[in-house]
Amino acid sequence: GRQDIQKKQTENRNKREATRKNFIEVYKVYEPNSTQILKERLYHEQGCKCIYTLTKLNLNRIVDDPNYAQIDHIWPRSRTFDNSMENLVLVHAHANQDKGNSIPYDFIMQKYGAEHWRNVEKTILSCKGMSDNKQKRLLAKELDADEFSARNLVDTRYATRLFARMVRERLLFNGQVEDTVED
């Protein structure tokens with residue numbers, strides 16, 4: 001529930017702060033931007049490899065050259081509008097361009113073939129710091145639009161209820177003395 005979400009947010013904040021401090025020490029980058037920090041986090045989460053090509057990524061180049069490696073949306077943002085950590089990976093810029101609006105399975109099968117896909121699967125499953133949900137997305141053989149829509153609906157319903165409660169708590173209509181409306 002809500003405690004889990006708050007716990008996760010605190011963990012993420014602590015991870016970001018540790019990464020920021022590390023950046024200053026290791027790269028002498030005193031004001032790392034959020035993209036640099038996110039790229040470094042993803043780099044470690046993925047075992048220091050491009051998750052699509054499986055080639056080693058060079059962390060110094062990631063930090064110094066914004067065009068070397070890019071953050072990719074596993075499930076295309078144009079189709080899911082999802083910009084969460086669960087939907088982000090770090091890949092070589094050329095792999096990101098080549099993948100376009102595909103899901104990883106379609107892109108890898110078409111560009112590299114079945115044997116490479118099996119190696120990608122093994123690599124993804126060996127990434128200990130990666131959430132089960134992210135692994136599931138990366139390994140999906142089709143975009144699960146239903147699962148996505150259902151989650152979006154729940155989020156929308158929650159936001160709507162929150163907004164309605166806020167309006168009721170802060171707004172008294174002309175002549176109204178107290179809140180009489182139910183959820």
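Is Tyr 52 buried or exposed in this model? With a relative accessibility of 1%, Tyr 52 counts as buried, because the cut-off for buried is under 20%. Keep in mind as you look around that this is a predicted model.

**The overall picture**

Let's step back to the whole chain for a moment. The protein has nine helices and two strands. Read from the N terminus, these elements follow the order α-α-α-β-α-β-α-α-α-α-α. Of the 183 residues, 36% are buried. Among contacts with a separation of 6 or more, 58% join residues 24 or more positions apart. The accessible surface is about 11900 Å², and carbon and sulfur atoms contribute 51% of it.

**Aromatic pairs**

Back to the rings. Three aromatic pairs turn up in a search of the whole structure, and two of them are set out here.

| Pair | Ring centres apart | Angle between planes | Arrangement |
|---|---|---|---|
| Tyr 52 and Phe 107 | 5.8 Å | 70° | edge-to-face |
| Tyr 105 and Trp 117 | 5.0 Å | 80° | edge-to-face |

Tyr 52 sits in the loop between α2 (34-45) and α3, while Phe 107 belongs to helix α6 (residues 104-111), so their pairing ties together parts that are 55 residues apart in sequence.

**Helix α7 against helix α8**

Trp 117 leads us to a helix contact. Helix α7 (residues 114-126) packs with helix α8 (residues 132-139) at an angle of about 175°, and their axes are 10 Å apart. Because angles over 145 degrees count this way, α7 is roughly antiparallel to α8. On the α7 side, the contact uses Trp 117, Glu 121, Ile 124 and Leu 125, and on the α8 side Gln 135, Leu 138 and Leu 139. By type, the residues of this contact are five nonpolar, one polar and one charged.

**A proline in a loop**

Where is Pro 66 found? Pro 66 lies in the loop between α3 (59-64) and β1 (69-73). Its relative accessibility of 55% is over the 50% cut-off, so Pro 66 counts as exposed. From C-alpha to C-alpha, Pro 66 is 8.5 Å from Gln 36 in space, with the two being 30 residues apart in sequence.

Definitions and conventions:
Residues are numbered from 1 along each chain as its sequence is written. This is a predicted model: local features need pLDDT of at least 70, side-chain atom pairs count only at pLDDT 80 or more; totals for chains, interfaces and linings use all residues. Side-chain values use heavy atoms; hydrogens and water are left out. Axes are lines fitted to C-alpha atoms, for helices over the stretch in contact, and angles run from 0 to 180 degrees between N-to-C directions. Helices (H or I, at least four residues) and strands (E, at least two) are DSSP runs, numbered from the N terminus. Angles under 35 degrees count as roughly parallel, over 145 as roughly antiparallel, 65 to 115 as roughly perpendicular and the rest as oblique. Contact means heavy atoms within 4.5 Å. Ala, Val, Leu, Ile, Met, Phe, Trp, Tyr, Cys and Pro count as nonpolar, Asp, Glu, Lys and Arg as charged, and the others, Gly among them, as polar. Buried means under 20% relative accessible area, exposed over 50%, partly exposed in between (1.4 Å probe, protein chains only). Accessible areas come from the Shrake-Rupley method with a 1.4 Å probe; for residues, only the protein chains shown count as cover. Rings of Phe, Tyr and Trp (its six-membered ring) pair if their centres lie within 6.5 Å; planes under 30 degrees apart count as stacked, over 60 as edge-to-face and the rest as tilted.
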